[in-house]
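Visitor: I am new to protein models, and I would like a friendly tour of this one. Could you take me through it step by step?

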Amino acid sequence: MKSIRNKLLLWLGLGLFSIIVMAGVALYFQARGEANQIFDYQMRQIAASLPRQAFSPISPGQQFPELEDEIMMQIWDSRGAVIYHSHARGAMPRQAELGFANVRGPNGMWRVYSAQIGSTVVQVAQPQSARDEIAAQMAVKTVVPLLLLFPLIGVLSWVAVSRGLAPVRKAAAEVAARDMNSLQPLSDVGMPQEIQPLTHALNDLLTRLKHATETQRAFVADAAHELRTPLTALRLQAQLAERATDEQERRAAFDDLKNGLERATHLVHQLLTLARQEPDAMGFAEVDLRALLGSVVGDLSTVAEHGGIDLGLSEQGDDGRALRVQGNADALRILFNNLVDNALRYTPTGGVVDVGFEFGAADQCTVVIQDSGPGIAESELPRVFDRFYRARRSQEQTSARGAFGSGLGLAIVRQIADLHRLPVDLRNTGHGLQARVVFTLLKS
């Protein structure tokens, strides 16, 4: 399992160590530059301290016993003969140019200073490795204390990171201590600015979850209330069938029981359909709207024929263009099934239900379902999409299908339309109820 603390400490440790190493390298080059300046000055002073008059050959170390082993010196006469060499056994490169120069010798690079004094040439040389060694020693002396402080810095970093992550542990502990039914927002008082986006996202999730839970509870409560009546009626009808004294009375009781079972089955089917459309995520794909409506009309044509209703897909206003929309084919089928079923349910025998198209803008298509029923009172139109709400209608206003709906058909329509972000509305036209669903067509 990945740990934010360990990752932060690792990167802090690597960063700090890298900074110390880079500081050591920078100090080394700085110290080497300063050492070069100091030793160059020393070499000039050594050369300047020699006498200006000519002198005879001298033995190594005779005149300048103060010279250190790191610095070598030799003197040439006007004929090019070496009349003095500070280190008899040392190998010193010859450099005829006056001034400073870097010369490669048999033992590495040398820093050489040459100056003419009288009729002689004095050459003072020092191996570059000696200077590099002194620079390295100076850099190490500076970096070592920082490395010794590294464990202390690591402990301080551990404490700082732990204190910085404390709000995260606090929020996690608050969530862990909650009851499964507690969906109240988390408090962000005292939370660092970096943690607040996380708490805000969690609070937003909790708010949506609370709303979904409340909606589900209301749905279950309403469903339980709606199921109680038909189940009670079924029990009573079964008791009446048991108490029937003759065949005709028994047949009538069983007919009522069968109708009650059909109503209960329809209600359960609608409840399950509505519950299945609750999630906010649906798989969308390209749907042929004309083919889909043709299939819906075909499926319900038997029901319409049984009720003595003329159901058809109108070609009036249809210019034959491709009607391709983005959506979930199964959900849209349920939407139109419910709209057409609602029209058939409240259209009297001998009535007409037409399904057609209207075209507005270039990419707009409206599916129109027009029935020849009594319509709905204007005062009830805003509520007919609510769950379990039934508009008040008389028995004579229904078709041969007889039974009133469960009050869920139009609620399912609204749910699916909202998921697809489709405008849907009902309106009275004076000769029936008209349902309208507006689609945006896909471009060819």
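Visitor: What percentage of the 444 residues in the protein chain is buried?

Guide: Please keep in mind that this is a predicted model, where local features need pLDDT of at least 70, side-chain atom pairs count only at pLDDT 80 or more, and totals for chains, interfaces and linings use all residues. Residues are numbered from 1 along each chain as its sequence is written, and side-chain values use heavy atoms, with hydrogens and water left out. Buried means under 20% relative accessible area, exposed means over 50%, and partly exposed is in between (1.4 Å probe, protein chains only). By that rule, the buried share of the 444 residues is 38%.

Visitor: How many helices and strands are there in the protein chain?

Guide: Helices (H or I, at least four residues) and strands (E, at least two) are DSSP runs, numbered from the N terminus. In the protein chain, the count is nine helices and twelve strands.

Visitor: At what angle do helix H1 and helix H3 pack?

Guide: Two packed helices are described by the angle between their axes and the distance between the axes. Axes are lines fitted to C-alpha atoms, for helices over the stretch in contact, and angles run from 0 to 180 degrees between N-to-C directions. H1 covers residues 4–48 and H3 covers residues 150–164. Their axes lie 10 Å apart, and the packing angle is about 145°.

Visitor: How many residues of the contact of H1 with H3 are nonpolar?

Guide: Contact means heavy atoms within 4.5 Å, and the residues making this one include Leu 8, Leu 12 and Phe 17 of H1 and Ile 153 and Trp 158 of H3. Ala, Val, Leu, Ile, Met, Phe, Trp, Tyr, Cys and Pro count as nonpolar, Asp, Glu, Lys and Arg as charged, and the others, Gly among them, as polar. Four residues of the contact are polar and one is charged, while the nonpolar ones number ten.

Visitor: Which residues of H4 make the contact with H3?

Guide: The axes of H3 and helix H4 (residues 166–176) come within 4 Å and cross at roughly 35°. H3 brings Ser 162, Arg 163 and Gly 164, and H4 brings Ala 166, Pro 167 and Arg 169.

Visitor: Is Arg 421 buried or exposed?

Guide: Arg 421 sits in the loop between helix H9 (409–420) and strand S11 (424–428). Although Arg 421 is not a glycine, its phi is positive, about 55°. Because its relative accessibility is 77%, Arg 421 counts as exposed.

Visitor: Which residues is Asp 354 in contact with, leaving aside its neighbours within four places in sequence?

Guide: Asp 354 belongs to strand S9 (residues 352–359). Its relative accessible area is 37%, so Asp 354 is partly exposed. With those sequence neighbours left aside, its contacts are Gly 312, Val 368, Ile 369 and Gln 370.
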